[in-house]
Each structure stands twice: as C-alpha cells, then as structure tokens.
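Hi,

Here is the structure I said I would pass on.

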Amino acid sequence: MGEVAEGGEEENRTMKKGLVVYKLYRALSYGVSPLIHLHLRWRRFLGLEHPLRWPERLGHPSRPRRPGPLLWFHAVSLGEGMIAIPVIKHCIRRMPHLHVLMTITTMSAYEVLSKSLPSEIILQFSPVDTPTSIHSFLDYWKPNAIVLMESELWPNLIMDASRNGITLALLNARISEKSFKYWSGPVLLPLISLMLSKFSLIIPLSTEQGIRFQLLQAPPHIIHFSGDLKYVIEDFGVNERGRNNIENLRVQLTQKKVWMASSIHRGEEEIILGVHFALMQQQPNILTIIVPRHLQQGREIARKLEKEGQNVLLRSQYEKFKAGTNIYVVDTLGELRQLYTLTPIAVIGGSLLPGLSGHNISEAAAAGCAVLTGCHVGHFSHMVLEMQRSNPLSVLQVSGKLELEKALVELFTNATLLEARGRAAREVFCSLSCGIVEKTWSLLNFHIFDRFSSEESKSLRL
C-alpha cells in the first residue's frame with residue numbers, strides 16, 4: 001500500500017510540474033501571438049499560405065458548422081492527410097450522421113485534398129497553437145472528439161480540448177528519436193506526461209513507438225495497436241487527364257528499361273543521376289523517372305539537365321517522349337501511387353544521405369515494384385524490417401551509389417530476380433495491410449465514440 005501511495009504522490013508531483021511548465025508555455029505563446037500573425041502574413045506573401053484562406057490559421061472559419069456531432073481529424077502534410085482518409089471514410093460509413101472536419105497545414109496537402117475529398121468532409125487549415133486561435137477554433141466548431149495524426153502534440157490544443165470535455169485520440173502515433181530526447185528532458189517530461197494523460201486512445205504505428213510513449217508516461221491502458229495506417233493509403237488525387245496521360249505513358253514506355261526514384265531530397269538527385277549515367281553505358285534504352293519531394297526542386301533539376309544538354313521531360317508539360325528522352329522529372333502532386341504502376345523498380349528516397357529519415361515504401365510494394373531504399377530510414381525502419389521479416393526479397397536496402405548501381409544492374413539483367421522481388425513486395429503488402437482500418441475503427445468506436453453523450457450515441461449507431 002505504501003508503494004502505491006508513493007507512486008500516486010510522484011504522479012501528482014509530475015502533473016503539478018507539468019501544469020507549471022504548461023502555464024509558462026501558454027503565457028509565452030500568448031505573448032508571441034502578434035509575431036506569429038506577422039509571420040503568417042509573410043508566409044502568405046511567399047506563397048506558403050493560402051492567399052484567401054490564411055485567416056483559418058488564426059482560428060477564423062470559412063465554412064458553416066453543421067448541427068450535430070462533429071469529429072475533427074487533424075493532419076499536417078499530404079502524407080498524414082492521406083493516411084487519415086481511409087479511416088474517415090470508414091467512420092462515415094459506420095456513422096452516417098457524423099460530421100467530419102479535417103484540418104491540414106501545408107499548401108501541397110490543400111491542393112490535393114481540396115480536389116479529392118468527399119464533399120461531406122469539411123476541409124480547413126489548422127489553427128496555430130496560440131491561446132486565442134485555439135479558443136476561437138474550438139468555440140466555433142465545438143468538436144465532440146479530436147483525432148490527431150502521428151506526432152501532432154500541441155500543448156494549447158490538447159489542454160484546451162481537455163478543459164472543454166473533448167475526447168482526444170492519437171492515430172499512427174510516433175515520436176522521432178530527436179523529439180523523444182527533447183521531450184524526455186527534466187523540464188519537458190512533466191509537460192508531455194500531462195498532455196498524454198488527456199488522451200483516451202493512442203494507437204502507435206509500431207511496438208517501438210508504443211514503448212516510447214510509455215517511457216513518456218502515457219497511461220498504459222490507453223495504448224493499443226492496429227497496424228501502420230501507411231499501408232492503407234488509397235488511390236486518389238489523379239484527375240481524368242492525368243489518368244489518361246499515365247496510360248499513354250505506359251504505352252510509350254513499353255520498349256524502355258524503366259526505374260523510378262521517388263521522394264528525392266536535395267542532394268540525392270546527384271546520386272540518382274550518377275547511377276542513371278552509369279546505367280546508360282550498359283543499357284542505352286534506360287529511362288529514369290525522378291520524383292522529387294518538392295515541386296520546385298523538380299523544375300530546378302530539369303533546368304540544370306537541359307543546360308547540360310540532357311534529354312529530359314517534365315511531367316507537368318504532358319508532352320510525348322521525344323527521341324532520346326531518358327530522364328522524366330515529375331513535378332505534379334498526388335500521382336505517386338499511379339506512377340509506381342509504370343515501373344518494375346522503385347527506389348524510395350529520403351534515405352540515401354545522413355540526416356534523412358525515409359519515406360513510405362508500401363505504395364511501391366502495393367504496385368508490385370521491386371522495392372529499394374537507403375539506410376537512413378528513421379521511423380520507417382519498422383516498416384522495412386516488418387516487410388523483410390515477412391519475406392527478405394520484399395525490400396532491399398543499399399548503402400549508397402555503388403550498391404544502388406550494382407543492385408539495379410542485377411535487376412535489369414536478371415528477369416527472374418526482378419519478378420521475384422516485385423511479387424514478394426506485393427504479397428507482403430497485401431498481408432500486412434489486411435484489416436488495419438477495421439481494427440482502427442473498433443478501437444475508435446470503443447474508446448472515443450462511446451464517450452459521446454448517450455443521446456448522441458443512440459442517434460449515431462446503426
């Protein structure tokens with residue numbers, strides 16, 4: 001009994017320290033609010049915020065709040081938004097009277113999702129984490145529950161939601177190694193412990209991530225597992241013109257040896273182009289598809305190659321291949337999964353240089369590509385290991401340019417190996433992606449939707 005009492009006293013002391021740190025954060029965020037406002041205006045000038053809808057970032061809505069229960073899903077980038085879509089659609093199917101609000105932060109996410117989301121989903125830009133913006137947002141939308149994606153842990157949002165009796169969930173939850181060290185310090189550990197105590201459900205994307213949340217003192221009973229939602233990203237965001245053009249590309253590429261390097265970060269293009277030119281010496285009919293992480297980067301790569309006299313084509317030009325074209329640079333959004341169907345080999349970037357942390361390899365696996373990635377994969381290491389454990393042929397990691405070149409030469413000259421790797425990737429993807437959305441729904445239904453008021457619950461249930 002004494003140990004239990006001491007444990008309870010220690011927890012209370014931690015919560016009190018966390019509250020002190022939070023009050024300091026709240027005061028600081030309130031004090032810098034005018035500077036954040038000016039910063040948003042500057043970002044708008046640079047084209048980084050929406051020219052008309054940027055006030056949404058200050059908590060000012062642009063759409064009406066429909067009567068009835070509302071579930072708020074918050075993601076930052078396009079990737080996080082895309083993993084939320086299958087869950088949102090499943091929730092709407094199971095609870096047709098539920099209204100869904102989705103918020104994002106980046107313009108790239110807005111450009112794709114605003115054209116692709118079902119009309120019943122309300123899309124807004126997320127409010128910055130200042131007391132005034134969060135209060136304005138919550139006061140207007142009055143969500144019954146908030147589902148945060150991955151690592152969106154903002155003190156004012158979480159504490160104000162809890163204060164207003166709003167249920168909180170964290171899906172595909174992850175904390176990077178750098179952030180884990182940051183939050184584990186003596187000053188911030190009480191704050192993150194206080195914040196995590198406000199959640200009703202945390203679904204980590206892996207066991208390792210679940211351990212990290214426990215070490216940050218998340219209550220063990222709220223941590224549950226359903227699988228990595230990155231396995232269940234759907235096809236969307238490609239318009240009719242884009243779809244037809246991809247089919248035309250498929251015809252044009254029939255006589256080419258095609259490989260694709262996707263999600264390429266600055267600096268990695270030097271590795272990819274170095275491998276491309278080496279392959280050209282052995283396979284003159286090589287075609288390399290380069291998909292940079294950012295659109296502007298793609299246009300810069302194309303301009304540089306053109307100045308060097310290379311035969312390069314930009315995706316946004318929607319032109320047919322000319323004689324001798326051997327590099328295709330993609331500078332469009334939302335087409336990655338469709339583009340994977342054009343190539344038997346996919347090299348996933350963001351992984352070839354120190355300091356990078358990988359990208360989703362499952363989309364390439366779903367298309368049946370032979371999947372290669374670098375060694376710097378960050379939290380995607382669990383996905384790489386999970387797929388390799390299921391079948392070692394499903395993913396190949398390379399340490400740099402020489403290993404990548406060697407692996408590609410082997411795949412282009414060994415059709416049996418190429419087919420085996422592609423088949424293994426596809427089979428492992430199908431196995432690992434099965435049932436994830438349904439499991440996530442079951443956990444949300446038990447831990448979140450059952451906490452809606454009894455009157456609302458009765459009207460929602462089928």
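Below is what turned up, starting with the helix packing.

Two bits of housekeeping: residues are numbered from 1 along each chain as its sequence is written, and side-chain values use heavy atoms, with hydrogens and water left out. This is a predicted model, so local features need pLDDT of at least 70 and side-chain atom pairs count only at pLDDT 80 or more, while totals for chains, interfaces and linings use all residues.

**Helix H11 and its partners**

Helices and strands here are DSSP runs numbered from the N terminus (H or I, at least four residues, for helices; E, at least two, for strands). Take helix H11 (residues 268-282) and helix H16 (residues 401-413): their axes come within 10 Å and cross at roughly 40 degrees. Axes are lines fitted to C-alpha atoms, for helices over the stretch in contact, and angles run from 0 to 180 degrees between N-to-C directions. H11 and H16 are therefore oblique to each other (under 35 degrees is roughly parallel, over 145 roughly antiparallel, 65 to 115 roughly perpendicular, and the rest oblique). The crossing of H11 and H16 is right-handed, that is, the near helix is turned clockwise from the far one by less than a right angle.

On the H11 side, the contact (heavy atoms within 4.5 Å) is made by Ile271, Ile272, Gly274, Val275, Ala278, Leu279 and Gln282, and on the H16 side by Lys401, Leu404, Glu405, Leu408, Val409 and Phe412. By class, that gives nine nonpolar, two polar and two charged residues (Ala, Val, Leu, Ile, Met, Phe, Trp, Tyr, Cys and Pro are nonpolar; Asp, Glu, Lys and Arg charged; the others, Gly among them, polar).

Glutamate 405 of helix H16 is worth a click: at 18% relative accessible area it is buried (under 20%; exposed is over 50% and partly exposed in between, with a 1.4 Å probe and protein chains only). Leaving aside residues up to four places away in sequence, Glu405 touches Val275, Ala278, Leu279 and Gln282.

H11 also packs against helix H12 (residues 295-307), at about 45 degrees with the axes 12 Å apart. That pair is therefore oblique, and the crossing of H11 and H12 is right-handed. Glu269, Glu270, Leu273 and Phe277 of H11 meet Gln297, Ile301, Lys304 and Leu305 of H12.

**Aromatics**

There are eight aromatic pairs, counting rings of Phe, Tyr and Trp (its six-membered ring) with centres within 6.5 Å; planes under 30 degrees apart are stacked, over 60 edge-to-face and the rest tilted. One of the pairs, tryptophan 441 with phenylalanine 449, is tilted, at 5.5 Å centre to centre and 40 degrees between the planes. Trp441 is buried at 6% relative accessibility, and Phe449 is buried at 2%. Trp72, Phe137, Tyr140 and Trp141 form one aromatic cluster.

**Loops**

Leucine 342, in the loop between helix H13 (336-340) and strand S11 (345-348), is buried at 9%. Leu342 touches Ile246, Leu249, Arg250, Leu253 and Val258, not counting residues up to four places away in sequence. With valine 258, the separation is 84 residues in sequence but 7.9 Å in space, C-alpha to C-alpha.

Most residues other than glycine have a negative phi. Lysine 142, in the loop between helix H5 (131-141) and strand S4 (145-149), has a positive phi near 45 degrees. Glutamine 217 has a positive phi near 75 degrees, and is partly exposed at 36% relative accessibility.

Cheers
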